[in-house]
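This briefing covers charged pairs, aromatic rings and a surface patch. Please look at the sequence and the structure before reading on.

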Amino acid sequence: MPHFYPVRERLFTQSLNGTWKIKIIKGLEIPTDYHRWKDNDYDDKKWDNIIVP
């Protein structure tokens, strides 16, 4: 039986809709030049965009 978790309060939700950056990495190891991906000044211009509806 699937689990169902209803949203009871609109105040506690956040939409994830919009354009997201994505980079697919082959293998299990993350290259060292991607370790800073969370930093605000990280250059992700070469990453692909995906649209989240």
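Are Tyr34 and Trp47 buried or exposed? Both Tyr34 and Trp47 are buried; buried means under 20% relative accessible area, exposed over 50%, and partly exposed in between (1.4 Å probe, protein chains only). The model is predicted, with local features needing pLDDT of at least 70, side-chain atom pairs counting only at pLDDT 80 or more, and totals for chains, interfaces and linings using all residues. Residues are numbered from 1 along each chain as its sequence is written, and side-chain values use heavy atoms, with hydrogens and water left out.

**Aromatic rings**

- Two aromatic pairs are found in a search of the whole structure; rings of Phe, Tyr and Trp (its six-membered ring) pair if their centres lie within 6.5 Å, and planes under 30 degrees apart count as stacked, over 60 as edge-to-face and the rest as tilted.
- Tyr34 and Trp47 form an edge-to-face pair, with 6.0 Å centre to centre and 75° between the planes.
- This pair links distant parts of the chain, as Tyr34 and Trp47 are 13 residues apart, each in the loop between β1 (18–22) and β2 (48–52); strands (E, at least two residues) and helices (H or I, at least four) are DSSP runs, numbered from the N terminus.
- Tyr42 and Trp47 also form an edge-to-face pair, at 5.9 Å centre to centre and 70° between the planes.
- Tyr42 is buried, as is Trp47.
- Through these ring pairs, Tyr34, Tyr42 and Trp47 are linked into a cluster.

**Salt bridges**

- The search of the whole structure finds two salt bridges, each defined as a side-chain nitrogen of Lys or Arg within 4 Å of a carboxyl oxygen of Asp or Glu.
- Arg36 forms a salt bridge with Asp39, where the closest N and O atoms are 2.9 Å apart.
- Arg36 also forms a salt bridge with Asp41, where the closest N and O atoms are 2.8 Å apart.
- Arg36 counts as partly exposed because its relative accessibility is 41%, and Asp39 counts as partly exposed at 36%.
- Asp41 counts as exposed because its relative accessibility is 60%.

**Nonpolar surface patch**

- Leu16, Trp20, Ile22, Ile24 and Ile50 make a nonpolar surface patch of about 490 Å².
- Patches are made of residues with over 30% relative accessible area and no salt bridge, with like charges joined within 9 Å and nonpolar side chains (Val, Leu, Ile, Met, Phe, Trp, Tyr) within 5 Å.
- Accessible areas come from the Shrake-Rupley method with a 1.4 Å probe; for residues, only the protein chains shown count as cover.
- Trp20 is found in strand β1, and Trp20 is partly exposed because its relative accessible area is 40%.
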